[in-house]
There are 2 protein chains.
Amino acid sequence: MKILAAQLNFTIGDLEGNTQKILAALQRAKRNGVDVVLFSELAITGYCPEDLLFSSSLLEKAAKQLDVIRSETQGLFVVVGVPRKNGIHQEKPLYNSAAVFSNGQLLGYKDKTLLPTYDVFDERRFFEPGKEEPVWEFLGHRIGITICEDIWRYSLAPSAFYEEDPVLVLKDKKVDLILNLSASPYCSSHKQNRLLAFQKVAKELSSPLIFCNQVGANDQLIFDGHSLYVNEKGELIQMAKGFVEDDLMVDLNTHACPCIFSENKIKDLYSALVLGARDYFHKQGFKKAILGLSGGIDSSVVACVAKEALGAENVLGVALPSRYSSKQSLSDAVLLCENLKIELQEICIDSIFQNYLDLLSSVVNGSLSSLSQENLQPRIRTAILMAIANEKGLILLNTSNKSEMAMGYATLYGDMAGGLGVLQDVKKSHVYQLAAFINARQEVIPKAIIDKEPSAELRENQTDLDTLPSYEILDAVIEDYIEAALPVEEIAEKRALSAPFLTDLIHKIHLAEYKRRQAPIGLRVTQKAFGKGRLMPIVQKWK
Amino acid sequence: MKILAAQLNFTIGDLEGNTQKILAALQRAKRNGVDVVLFSELAITGYCPEDLLFSSSLLEKAAKQLDVIRSETQGLFVVVGVPRKNGIHQEKPLYNSAAVFSNGQLLGYKDKTLLPTYDVFDERRFFEPGKEEPVWEFLGHRIGITICEDIWRYSLAPSAFYEEDPVLVLKDKKVDLILNLSASPYCSSHKQNRLLAFQKVAKELSSPLIFCNQVGANDQLIFDGHSLYVNEKGELIQMAKGFVEDDLMVDLNTHACPCIFSENKIKDLYSALVLGARDYFHKQGFKKAILGLSGGIDSSVVACVAKEALGAENVLGVALPSRYSSKQSLSDAVLLCENLKIELQEICIDSIFQNYLDLLSSVVNGSLSSLSQENLQPRIRTAILMAIANEKGLILLNTSNKSEMAMGYATLYGDMAGGLGVLQDVKKSHVYQLAAFINARQEVIPKAIIDKEPSAELRENQTDLDTLPSYEILDAVIEDYIEAALPVEEIAEKRALSAPFLTDLIHKIHLAEYKRRQAPIGLRVTQKAFGKGRLMPIVQKWK
């Protein structure tokens, strides 16, 4: 039996466009003698449409598209992810389903049983859990269908402890092929975890497992693809490419040797950011980006990502020096743009800055405090960047990293501005790793940018260390406290930090919640990003 | 039997402060010969702590506080809302519970059965549904305890269709008193709906019902209090005050005449906004606000709310005229501040504006487009307001209304800035009603401000109508499409609007999602506000 897992890049709410991609894959399947075609979770709407799922007209349209797809399934067994009304009078009106077609007929549905409702997932907001694990017979095979989370209860320490385990139900039913439709977002540890999970399930059921993942970014979520085929011994036989559309063609009849799992985490991170940025622009019909280039490492890395995502001709860098900017920073930015072949404009903000200072000194009866002056400069830069963006139809990229966002070390309406936070989930230490990766073949980011001590250059001789702990410590705390959710005592011991220091640091992270709430959406690349997946009250007294 | 429903204003995460309020209420109960004391939902942590609920140390602290409360319950039957670990190996690790104490003993728990997971509620993210409806015997009464949503399945068209109905289970168990612990947020239609719901339940069970609601605001949610007592015939006997802490003292033995339900919707709206603004400041330890005063109706109404919430001495108005501001607008703002007795500073932004225009004209090779110029002015204002705020330790109030937010008729990093969006869920038509309410006794907001045609005054002779449909039509569409979620065809017919016009308008609402995502939190006063309760993808093609 030949199986195609069609790893496609769907756009939320573009039901016609998504259907066209699905139909094209069915054509490719027919041309290649494929028997079974598998698509990803909620393929027709893209994952996840969120509250658009409450629209009756969207559901009706999804049903119509499904019927178009049905009519093109002659000679095939086809499994497509779609939301559908469940018609039962229970808590939620929808199922997150897989429609199963064969030979132009709808055979039925498998409804997702385990509904993730944690982190960035809200599925209990929309869906009722499926109640059954049907088995489908086709060409002598007993096929079990699972949707994303359905397969995770069994395999690894789960984020939610479900009562049911669809995998064990399917084991009882003696299936000999498991299909999994997923919209499993990228995060740095997930590629290997997924493989381990699927290997365990395949071995337990002595059944091959084929996983079809969505690829492409929707808002903060980046779906990495990496669809795969694990044989009945739990060996990895094939893996689709990451971060691009790909057809994973599997022939169950051919004996295939296991392939070696390999990953380059920093390369994957870079690819994820590029895909995230590209889809943010292209899926909205935007072409060109603008960003401020300070001569620092964060904006330099974002410039590289933007060039890779959009093309050099579609990126405009703007250097906006003030009296506190070093000449070195400016010349570093110039060199970066030469290396990247992107346009650089230089606009000195000092006369406007002075104009504000003069005006405000009469308002506050004296000169502005250093902090007020420091916040004023990024706000002037944002006003200029946004004016150019408005004028030329560009979208401003935000360059704040996760370490800064944790501490609120950024200015609201200043350097926190932008449509998309490219590095918002990338800790400073990983920004350095990205720079090294970018420079591996040749020096794109000038070495001076990488070597210099980080500074916002908003007052004389400023460095980040004046305000922040070392990034080594800060990033360790972010990793432990935010990403791994370890208890404070455990972090203190693990990292040999004093309890008062750590408590104070964590308190500062909580205090910055009000800033983060007004941040642009940021690409999610860890298991816990700030933003949608981390619901924190602003007004609260817990520390 | 005497019952106290202690309607208190809790702060999220302030477990010690909340416990002190609970203990003080127990003292008042003892002094007044009360038998039963009822607190609101999640009283110990405040509602809703969101992802703070994942903190083990918060849960441990809550258990400790509960034990402190237990030790003060001699001679009483006490019901307190608290999150607790459920110890069952199911989907979620917590229950949303009511702890029941009597005479210094923990009698047990009632766990919330129906968990709202829609709109602003995420309870399935944290909690497992309770499985039982225990009945508690005390002083010859059979007491049934319900937590907020538990009582709504029975009563009115619910937002979720639950299988279970705790009310019917309690009916079978023949209770003769129903207690309800709630954290039921204010919205304009909810006061009457709640009463109708509770009356229906009380009649069905032939049992008196006492409802204890949280009061006070946490982030965007405003809890209005209005705790109440309905007798076994479903007659409203007593209702606590709205928008303030209040002890609802009920004597079941005394025959009491029904009271008349009355409401003044616009007065309640005003009170809600005042409470929302005050708690945002005071619960965070802030005292003083700053806001830009354009001489328009939105900022005028916000100034009135701010004065009421914080005191005249704690509000600084700043007029920031440009070349496009009319003299009338400035003199209107002056008069408003005289009436309110709040300080007004005037800062002309024109020289800075010209400075930007000169600088940018060389960058864009010519003069800036009108749109770019229009966006630049509010950004200059924000930089100035934030500099003053930084300098003087003030918090900037945002004055955008819901109609503007729907259309994205506001400038990011400009007039969209601020810590709290006071009017973000108030449609323009309601802003006018608020102004009329404020002026009812004497003219506070100058009549000229109310009478003039709305204009952003960002170019010559601009009016809102240049860009927006009439507010009458826009507000009707917001009411139908956003708040009531009616299908487009139904709205077109109901409002006699052409389908293309309406579709285009709704498309514009969707397109502005990216702006709203960077808006400050806004006080929620309708059944559907933008923000947390409306999850919409930014990158999407559904219209």
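Student: Which residues touch the most other members of the largest nonpolar core?
Tutor: This is a predicted model, in which local features need pLDDT of at least 70, side-chain atom pairs count only at pLDDT 80 or more, and totals for chains, interfaces and linings use all residues. Residues are numbered from 1 along each chain as its sequence is written, and chains are lettered from A and ligands numbered from 1 in the order in which they are written. A nonpolar core is a set of buried Ala, Val, Leu, Ile, Met, Phe, Trp, Tyr and Cys residues joined through C-beta atoms within 7 Å, where buried means that 20 or more other C-beta atoms, placed from the backbone, lie within 10 Å of a residue's own. Among the 331 residues of this core, those touching the most other members are Leu38(A), Val80(A), Leu38(B) and Val80(B).

Student: How many residues of chain B are in contact with chain A?
Tutor: Contact requires C-beta atoms, placed from the backbone, within 7 Å. On the chain A side 76 residues take part, and the number from chain B is 76.

Student: Which element gives the largest share of the side of chain B that touches chain A?
Tutor: Helices are DSSP runs of H or I with at least four residues, numbered from the N terminus. Elements giving two or more residues to this side include α7 (265-282) and α10 (350-364) of chain B. The largest share is 14 residues, from α11(B).

Student: What ipTM does the model score?
Tutor: The model's pTM is 0.97. Its ipTM is 0.95.

Terms used:
A residue is buried if 20 or more other C-beta atoms lie within 10 Å of its own, exposed if 12 or fewer, and partly exposed in between; C-beta atoms are placed from the backbone. Two residues are in contact if their C-beta atoms, placed from the backbone, lie within 7 Å.
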